[in-house]
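The following note sets out points for a colleague who is working from the sequence and the three-dimensional model. Each point may be checked against the display.

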Amino acid sequence: MKKQYTMTTKLLRVLISSCAVSIGLILTWNQAGAYTFEEESAVLHVDKRQSVLSTTAEHIGNQPERSIHDYEYSDQAQVTTMVYMALLWSPQPIVIPKPEVPGKQVVLDPSMPVMAPRSEQVLGTQKVTATGYTAGVESTGKGPKHPQYGITYSGVKVRRDKETVSTIAADPKLFPLGSILYIPGYGYGIVADTGSAIKGNKIDLYFPTTKQVYKEWGKKDVEVQVIKQGDGKCTEKMLDELSEAIDVYKSVPDSWLDKAV
């Protein structure tokens, strides 16, 4: 009796499970039946299911009962529908874009060092002993309050510009005022000053401070290149024009050398 009860219970469980599976399949099949995909030019189109039924009881009674098998629905379309629905309802991954981290900005120095003159521009070379000087008491005996402080023998103000031209002192017998020299390691210099200790093959290069004189130059024996022989004068206009020309061409242009100064 007990064995019979156990077998009956198992059969009921199997029957109930089978019914549940069948109901699930039927529901899925009915849901899929709402979409009919026809392949046309590699595109699946949905065909509306014909479900126009009469609202009268008499018409309903006369209509034959349709089963799901009455709808033409290919196996390929069924599989496509199931896959499409699965993809439609499946969670899509969220792609979070990587934030752009601004890189370190490198600020380039717009200034360019001057270039040495071309060989055809060089009138000659001269070996000299070059020292540095300032406009202060240590070099000229004049202080900032002196009316001639920073004023050269030619009358122009001292200047130091690595990217254009600087004022230098020389012996006018060797390099007349207005002469333009290229000094390796210093740049272009125009003879605008003289000095009691600057005789023969000696030149003095202007620096704003004594610290710069010792740190950047000191005393050196160099071979300077003469690119223009002066005519005994140097003016602020000459300095400004020469500075602008070198700033543009990064060297002394031929047009400037050819014109009378």
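Is T152 buried or exposed? T152 is buried, with a relative accessible area of 6%; buried means under 20% relative accessible area, exposed over 50%, and partly exposed in between, with a 1.4 Å probe and protein chains only as cover.

1. Basis of the note. The model is predicted, so that local features need pLDDT of at least 70 and side-chain atom pairs count only at pLDDT 80 or more, whereas totals for chains, interfaces and linings use all residues. Residues are numbered from 1 along each chain as its sequence is written, and side-chain values use heavy atoms, with hydrogens and water left out.

2. Overall composition. The chain has seven helices and eight strands; these are DSSP runs numbered from the N terminus, with helices being H or I of at least four residues and strands E of at least two. Of its 261 residues, 30% count as buried. The accessible surface comes to about 18,700 Å², and carbon and sulfur atoms hold 58% of that area; the areas come from the Shrake-Rupley method with a 1.4 Å probe, and for residues only the protein chains shown count as cover. Among contacts with a separation of 6 or more, 69% are between residues 24 or more positions apart, a contact being heavy atoms within 4.5 Å.

3. Leaving out residues up to four places away in sequence, T152 touches K157, V158, A192 and D193. Its C-alpha atom is 8.6 Å from that of A169, a residue 17 positions away in sequence. S154 counts as partly exposed, at 23% relative accessibility. Apart from neighbours within four places in sequence, S154 is in contact with L177, A192 and C234. S154 and V191 are 37 residues apart in sequence, and their C-alpha atoms are 8.8 Å apart.

4. Side chains of opposite charge can pair when their charged atoms come close. The whole structure contains six salt bridges, each defined as a side-chain nitrogen of Lys or Arg within 4 Å of a carboxyl oxygen of Asp or Glu. R118 pairs with E120 at 2.7 Å, N to O. A salt bridge also links R118 to D254, with the closest N and O atoms 2.6 Å apart. R118 lies in the loop between helix 3 (75-89) and strand 3 (124-133) and D254 in helix 7 (residues 254-258), so this pair ties together parts that are 136 residues apart in sequence. As to accessibility, E120 is exposed at 57%, R118 is partly exposed at 37%, and D254 is partly exposed at 35%. E120 is found in the loop between helix 3 and strand 3. The C-alpha atoms of E120 and D254 are separated by 9.9 Å, although the two residues are 134 residues apart along the chain.

5. The pair R159 and D240. These side chains meet in a salt bridge at 3.1 Å, N to O. Why does the pair tie together parts that are apart in sequence? R159 lies in the loop between helix 4 (137-140) and strand 4 (165-170) and D240 in helix 6 (residues 236-249), so the two parts joined are 81 residues apart in sequence. D240 counts as partly exposed, at 35% relative accessibility. To return to the previous point, salt bridges that share partners join R118, E120 and D254 into one network.

6. Backbone at K250. K250 has a positive phi of about 60° although it is not a glycine. This residue sits in the loop between helix 6 and helix 7. K250 is buried, with a relative accessible area of 12%.

7. The largest pocket. Its volume is about 460 Å³. On a 1 Å grid over the protein atoms alone, a pocket is an open set of points where a 1.4 Å probe fits, with protein on both sides within 12 Å along at least five of seven lines, and lining residues have an atom within 4 Å of a point. Grid points are joined across faces, edges and corners, and the volume is the space filled by probe spheres set on the points. The lining has 26 residues, with Y133, S139, T194, G195 and D204 nearest the centre. Strand 3, helix 4 and strand 7 (202-206) are the elements that give two or more residues to this lining. By class, the lining divides into 10 nonpolar, 11 polar and five charged residues; Ala, Val, Leu, Ile, Met, Phe, Trp, Tyr, Cys and Pro count as nonpolar, Asp, Glu, Lys and Arg as charged, and the others, Gly among them, as polar.
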